[in-house]
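Biologist: I'd like to learn how to read a model like this one. Could you walk me through it, one feature at a time?

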Amino acid sequence: MTTTWKIYDTKSLIESGLIINITYGCTITLESIIDRTIGDMQILGDSTLKGFIPYNELTEDTLITWVKKALGSKKVLEIETNLQNSIKARQAAKAAETVKSGLPFKFSS
């Protein structure tokens, strides 16, 4: 299984570039089976503090680190485990299929 965290969008204050909201997602992939959860979180910050990263210098990796830290390791593990369990259940259901759809020849109109 492959786990991928991604940032889909942010909202920031125009004047300071301070990010105030992050839309994030976690995707689990196993062969052709994919499951994803998307979340949205408000974040607090202060553009006057030492260590402030200007908006145009932020990377997706930095934002993912912020998201995971804000969620906490327990919640991150819960999200990933729930998606993994969903993938495993879908894989088991697919393996148990006994009927398929389709034509034994190429369809032409």
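Modeller: Let's start with E31, which is exposed, with a relative accessible area of 68%. Buried means under 20% relative accessible area, exposed over 50%, and partly exposed in between, using a 1.4 Å probe and protein chains only. Before we go on, this is a predicted model, where local features need pLDDT of at least 70, side-chain atom pairs count only at pLDDT 80 or more, and totals for chains, interfaces and linings use all residues. Residues are numbered from 1 along each chain as its sequence is written, and side-chain values use heavy atoms, with hydrogens and water left out.

Biologist: Where does E31 sit?

Modeller: E31 is in the loop between β2 and β3. Helices (H or I, at least four residues) and strands (E, at least two) are DSSP runs, numbered from the N terminus.

Biologist: What should I look for in the backbone there?

Modeller: Look at phi. Most residues other than glycine have a negative phi. E31 is not a glycine, yet has a positive phi of about 55°. A positive phi, near 90°, also belongs to G72, which follows α1.

Biologist: How do I judge a helix such as α1?

Modeller: Begin with the span: the expected value is 1.5 Å times one less than the number of residues. Helix α1, residues 60-71, has 12 residues and reaches 16 Å from first C-alpha to last, close to the 16 Å expected at 1.5 Å a residue. Helix α2, residues 73-95, has 23 residues and reaches 32 Å, close to the 33 Å expected.

Biologist: Which residues of α1 are buried?

Modeller: They are L63, I64 and V67. These residues cover an arc of only 100° around the axis, so they lie on the same side of α1. That arc is taken from the directions from the helix axis to the C-beta atoms. The face of α1 turned away from the buried side carries the exposed residues D61 and K69.

Biologist: What covers the buried residues of α1?

Modeller: The cover includes β1 (2-12), β2 (19-30) and β3 (33-42), with contact meaning heavy atoms within 4.5 Å.

Biologist: And which residues are buried in α2?

Modeller: V76, I79, E80, L83 and I87 are, and they pack against β1, β2, β3 and α1. Another residue of α2 is K75, which is partly exposed, with a relative accessible area of 36%.

Biologist: How do I compare sequence distance with distance in space?

Modeller: E31 and Q91 are 60 residues apart along the chain, and their C-alpha atoms are separated by 9.4 Å. For P104 and F52, 52 residues apart in sequence, the C-alpha to C-alpha distance is 62 Å. P104 is in the segment after α2 and counts as exposed at 81% relative accessibility.

Biologist: Last one: which residues lie nearest the centre of the largest pocket?

Modeller: Rolling a probe the size of a water molecule over the atoms shows where empty space is left. On a 1 Å grid over the protein atoms alone, a pocket is an open set of points where a 1.4 Å probe fits, with protein on both sides within 12 Å along at least five of seven lines; lining residues have an atom within 4 Å of a point. Here 14 residues line the largest pocket, and L18, L44, G45, D46 and W66 lie nearest its centre.
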